[in-house]
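Welcome! Please take a look at the sequence and the structure below, and then read on for a short tour.

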Amino acid sequence: MRGRGIGTLDLDGAQRLAERLVSKGCNGLVLSGTTGGSPTTTDAEKSALVRAVAEAVGDRAAIVAGVGTADTRHTVELALEAEKAGADGVLVVAPYYSRPTQDAVEAHFRTVADASGLFPVLYDIPGRTGTRIEPQTVLRLAGHPRIVAVKDCAYDLLGTQKVLARTDLAYYAGCDEHALALYAVGGAGYISTVANVVPAQLRAVLDVFDAGDTAGAARRQQRATALIESMMASGLPGTVTAKALLNSLGLPAGPVRAPLRPAGHEVTDRLLAEYERLVAGT
């Protein structure tokens, strides 16, 4: 985000970032996730972003639009707008703050899934929302013909494996430190914050695993740990650290929007040092 006024949407910059990610091996792009600043973008901005990125990448990558809110009606409206704008799927977080019961969580996801022709990705991140999508709820939702995937930030590998063993749902690691572990037990890949900066390095972890070199994949995952920790466990949101590092690399990430504040020089220097170490060791 940039422009004549600080914080205006930079669609050209978004297209450049999308092109970079696709060229480095990303076969799907999530727009308007939390890292993408979704809490502070308007509905119109979200739709404009989908249109711009769809124009830039065409059919080279699937586009998943973040539409999750605490309000079922609003979430449905965003899903319909994402469909009109050219998204292939929608990322739907569990309704946050109000802490609905599991039957209400299930009804929320079914309503969204029924509202459009897009495929919802269930986003389970109870540390942010205050509400878990319990494994039994996921098992019931797996019977819906359009609910095909989960972004998993629940930090419950046993619960995840129970669902994997009984469904065909595609599970994507939403926590970068768990990407290889989840992949090794049947996960589908990752929906990553850190890959915004080092897409080729994180893609290589899974490619090396697929080639049969499990020890090599582990080494690559371990080499990424310092950057993952700096970006995701520094006490700052991933939105802040990702923008700080991308801007330092001369990429069009733009500023954060209030209430977030930009990373300071000390944090940015540490992020850049960890980035350089990882890239040099690739």
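## A helix and its cover

What covers the buried residues of α11 includes α10 (214-223), α12 (238-248) and α13 (265-280). Contact here means heavy atoms within 4.5 Å. Helices (H or I, at least four residues) and strands (E, at least two) are DSSP runs, numbered from the N terminus.

Which residues of helix α11 (residues 225-232) are buried? They are Leu227, Ile228, Ser230 and Met231. Seen down the axis of α11, these buried residues fall within an arc of 165°, so they line one face of the helix; the arc is that of the directions from the helix axis to the C-beta atoms. Buried means under 20% relative accessible area, exposed over 50%, and partly exposed in between (1.4 Å probe, protein chains only).

## About the model

This is a predicted model, in which local features need pLDDT of at least 70 and side-chain atom pairs count only at pLDDT 80 or more, while totals for chains, interfaces and linings use all residues. Residues are numbered from 1 along each chain as its sequence is written, and side-chain values use heavy atoms, leaving out hydrogens and water.

## The whole protein

The protein has 13 helices and seven strands. A compact globule of 282 residues would have a radius of gyration near 19 Å, and the protein's 18 Å agrees with that; the radius is taken over C-alpha atoms, and the globule rule is 2.2 Å times the number of residues to the power 0.38. Along its principal axes, the C-alpha trace spans about 50 × 45 × 35 Å.

Buried residues make up 50% of the 282 residues. Among contacts between residues at least 6 apart in sequence, 64% join residues at least 24 apart.

## The sheet

Seven strands form an open sheet with parallel pairing, in the order β1-β2-β3-β4-β5-β6-β7. At the edges stand β1 (28-31) and β7 (189-190), each with a single partner strand, so one side of each is left without a neighbour in the sheet. Two strands pair if DSSP finds at least two bridges between them.

β1 runs parallel to strand β2 (residues 62-66), and four bridges join them. Val30 has Val64 of β2 as its bridge partner, and Leu31 stands opposite Ala65 in β2. The covered face of β1 holds Leu29 and Leu31, and the uncovered one Gly28 and Val30.
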